Amino acid sequence: MNEKKNFEQLRKMTGAVLGPLCAIVIWLMPIEGISESAHHMLAVMSLVAIWWITEPVAIPVTSLLGPTLCVVLGIASMKDAFEQFANPMIFLFLGGFLLAKGMMVNGLDKRIAYGIMSMKWVGDSPRKIFLAIGLACMLCSGWISNTATAAMMFPISLGLLEAIREMMAANGKTIDLANYKYATGLMLMTAYACSIGGVMTPIGTPPNIIMLGFLDQLAPDAPTVSFFQWMIWGIVAMVCYFVLAYVVLWRMFPADVKHIEGAREFIRNYVNSLGKWTVAQKNTILAFSVAFVLWVAPSVLSIVYGAHSDVMKFYDSHFPEAIAAMVGGLLLFFLPGDTKKGEMALSWKDGVEGIEWGTLLLFGGGLAMGALMYTTGLSAWIGTGIKEFLGGHPSEWVFVGVFCVAALILSELTSHTASTNLIAPIAIGAALSLGFSPIPVAIGIALSSSLGFMMPVSTPPNAIVYASGYVPITKMIKSGVIIDIIGITVVTIPVVMLLVKWVMG
């Protein structure tokens, strides 16, 4: 742990010096074929990119610093620099945050997770428990934060491992969970499944929303990606990633027992502690159902009435996806929770505390920097450079593959949210420059960013399970490398180039 702390300090100190130094050098260095505003934007973007990766200050702070510097240095007006902080995609995620907080506050997330764990087919089989833990993590994290899901499932996994240790001790066998293969596998399954579940929906993980925001801002002529369309390829990718992770982890970290005595009772006690369904839980389901229906309704209406019908025009103008999320989220403040106390399903205090304001600021800052890269011509200049680097007109498969790999590598080194903000405008600009649809590469980057399985710093669920002491860093790297390589080549790129292109026509 001390080595990790020292590395983090060195990373931050290096970034604190390197960021401003790099920006100054680029500002003063003559660059041919680029406008003055794009040149200055490149300098600011270099500072922001380095600080996003090294984190000498909090990532949301850097996201605010970028647009601020653009105004101070005369690159953009106040309105142009900060208008993206009111982008509809931010409110789509805001509504999602409220729904997720309602599920967590009212215990609906635990009821779903424990419900899966208590199914008859699970029983006390280590292999089936391994699978059930993964399914619970995956399905919950499709709708709520992967960090919150990992934090919720982490103690359940620990409790099951303790049950194994006690069973072994009763049979005269002492095991050290820190060096027990199954313990490592169960911890990694908990972390990986939380990240995998996020690809299912547009609100499942920040990179998904970020990419939709960039597509809307930087490629307005491209077809709009609906909630339902995302779920078509999101579910396919999620299932494929999950099967891959399950097979790899079970082969690497199998159990040495066929039954875990006490596992049924352990899970049953958890389920019994939840009691009966409460009014708040039922109304949270209602609010979520309203939002979900509003999200998928456009796809149904377009089939029945046609994509360009008056009905679709009316629906799109009155119930865009961001409004659907806000309607569902706001309903929680009006639906009853505890009728005896006169409380609603979600209080203002819980709602405010449940919103990840830092993430919303990061969204706004990332979208702002991407929009300014576009308007100053910087993204077009970078896109032209990439075009020349790839030989003039590369295959679209190669083009998408290069950016998917780049997003994966970057997400292993820093926050997948920051890495998506950094690489997205470049990829979209390059796609437009090459005459490709920007949608496949954008979706590819979003999916690849969720494959950060190698390092504890890659994603919060990794850090949570690493803190248990049951996951040697070498084991995380080894399993992560295998899943990353197979996942991006066998799942991500084919899904993007075949399924996404087919869905979007």
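Reader: What makes helix α5 (residues 88-105) and helix α13 (residues 279-305) roughly antiparallel to each other?

Author: Axes are lines fitted to C-alpha atoms over the stretch in contact, and angles run from 0 to 180 degrees between N-to-C directions. Over 145 degrees counts as roughly antiparallel, under 35 as roughly parallel, 65 to 115 as roughly perpendicular and the rest as oblique, so α5 and α13 are roughly antiparallel. This is a predicted model, where local features need pLDDT of at least 70, side-chain atom pairs count only at pLDDT 80 or more, and totals for chains, interfaces and linings use all residues. Residues are numbered from 1 along each chain as its sequence is written, and side-chain values use heavy atoms, leaving out hydrogens and water.

Reader: Which residues make the contact of α5 with α13?

Author: L92, L99, G102 and M103 of α5 meet T284, A287, F288, A291 and W295 of α13, where contact means heavy atoms within 4.5 Å. By class there are 7 nonpolar, 2 polar and no charged residues.

Reader: And why is α9 called oblique to α23?

Author: The axes of α9 (residues 181-197) and α23 (residues 473-503) come within 11 Å and cross at roughly 50°. That angle makes α9 oblique to α23. T184, L188 and Y192 in α9 meet K475, M476, S479, G480 and I483 in α23.

Reader: What does F399 touch?

Author: Leaving aside residues up to four places away in sequence, F399 touches L390, A427, A430, A431, L434, F436 and V441.

How values were computed. Helix = DSSP H or I, 4+ residues; strand = E, 2+ residues; numbered from the N terminus. Nonpolar A, V, L, I, M, F, W, Y, C, P; charged D, E, K, R; others polar.
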